[in-house]
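User: I have a structure open and want to learn how to read it. Where do I start?

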Amino acid sequence: MSEQRVGFAAAAAALIARDLRLALRRSGDTLQPLGFFLVVTALFPLALDPQLSLLRDIAPAALWVGALLSSLLALDLLFREDAQDGTLEQLALCGLPFQGLLLAKTAVHWLLTGLPLVLIAPLAATALGAPYEAMPGILAAVLLGTLALSLIGAVGAGLTMSLKRNGSLLALLVLPLAAPVLIFGARATALAIAGEPLAAPLYLLAAFTVLSATLAPWALAAAVRIGLE
Amino acid sequence: MNELTADNLQLWRGEQHVLRGIGAVVAGGQCLQVTGANGAGKTTLLRALCGLVPLEAGRICWRGRDIAVDAAAFHSELNYLGHDNGLKADLTATENLRYAAALRRPVRAQDIAAAMARTGVAEAAGQLLRHLSAGQRRRVALARLTLTGGSLWVLDEPGSNLDAGGHTLLLELIGTHLQSGGVAVVATHRQLALPAAQLRSLTLQ
């Protein structure tokens, strides 16, 4: 029986559209990570002496710890609901590359938590006293860093999706793996604020992001397949 | 020619030997009815037949080819309906069917409407799935089954939550599928009222 089949690109686009529509339907849940990031970064100036030099010193740490934690917030739901309602099985059994479809779902996680962070980062950095000249460097670092965070986080979410209470285990799995993002991202941000060349940590961050993008899809598919058994 | 063969399937779940040398041959136009008490391993067998659960020993072939060799080609012909409907609660019935079909084959809006009319949920088309009853959701899942096609249907308790009319509908759908040369594997507690020539039975201990 010869049937007309859909191509992978069309299927992945439909999957992304579906997840974005679902996210739009619960915009309250969707906006939480962004709100969390803003509140965390805004709390630092309140807790410290409002001296510009002090704020600039802690700005990289505040930005990146906030980014790491807010990325973690939305991970729990990334595969859990799909695993419970059976749609994840349908993805695994549709005959299209499973890694690719899971990567499409990871892209949605980035669009909903990473991209808003990139857009809001200049505001948060300004609130922490970063000069205007530092913005291109901070933007580049946050863009690369959030991509890596979504990719690493997705593997953790896949591994823990079938567990009952997985919040803290997910954090324990993901945060150590995400340490390079924190180190290089914060270093690049600190150099950008100081007005010094930041190519070295930025390149290392880019290399780590590329490595995550290369390995994560396979690890992710293997983790989710185990979860589906 | 469509044909599903399972040969000496062995599977352990922890300490429990769930599938002990299961074998079956189902040809095109035939339905394999899998029965057995609760916990006998019906769902496990069905998931193994789909390639979701790796086997300890044994072989499953579709058209004479081991399904593990070219899983993508096998899956593109497979249509699985498990305990869970595979539908999102926060999407309407129409949206669910559109996105489910988008993974398999191009369908038009009127195909979706026709599938829902066929399974008796046309009036629920625009409602969120979470507002439908369990039986209506099952009927939307049956609409997905007819919409996305595939020559091998693997159905796990497809009649759960369905009323008497729903059971008749289910038999009609399976009958149509078999007449077009398809193969069906159905786990059920309720005897399927199909012609004897179309029906194979497997009882798990």
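Analyst: We will go through a sheet, a residue and an interface. Keep in mind that this is a predicted model.

User: What is the strand order of the open sheet in chain B?

Analyst: Read a sheet from one side to the other. Here four strands run in the order β2-β1-β4-β5 (chain B), and their pairing is antiparallel. β2 (16–27) and β5 (65–66) of chain B are the edges: each has a single partner strand, so one side of each has no neighbour in the sheet.

User: Which helix packs on that sheet?

Analyst: Helix α1 (residues 42–50) of chain B does, touching β1, β2 and β4 (57–62) of chain B. The direction of this helix makes about 120° with that of β1(B).

User: How many bridges join β1 and β2 of chain B?

Analyst: Nine, in the antiparallel sense; β1 covers residues 3–13. Look across the pair: Gln10(B) stands opposite Arg20(B) in β2(B).

User: Now a single residue. Is His167(B) buried or exposed?

Analyst: Compare its relative accessible area with the cut-off. Buried means under 20%. His167(B) has 16%, so it is buried. His167(B) lies in helix α6 (residues 164–179) of chain B. Beyond residues up to four places away in sequence, His167(B) touches Gly159(B), Leu162(B) and Arg190(B).

User: How many residues does each chain give to the contact?

Analyst: Chain A gives 30 and chain B gives 33. The area buried between them is about 2900 Å², with 54% from carbon and sulfur atoms.

User: How many salt bridges cross the interface?

Analyst: Six. One salt bridge joins Arg47(B) to Glu89(A), with the closest N and O atoms 2.5 Å apart.

Terms used
Residues numbered from 1 in each chain as written. Chains lettered and ligands numbered in written order. Predicted model: local features only at pLDDT ≥ 70, side-chain atom pairs only at ≥ 80, totals over all residues. Heavy atoms only, no water. Pairing = 2+ DSSP bridges. Helix = DSSP H or I, 4+ residues; strand = E, 2+ residues; numbered from the N terminus. Contact = heavy atoms within 4.5 Å. Axes fitted to C-alpha atoms, helices over the stretch in contact; angles between N-to-C directions. Buried < 20%, exposed > 50% of the residue type's maximum accessible area, 1.4 Å probe, protein only. Buried area = accessible area lost by both parts, 1.4 Å probe. Salt bridge = Lys/Arg side-chain N within 4 Å of Asp/Glu carboxyl O.
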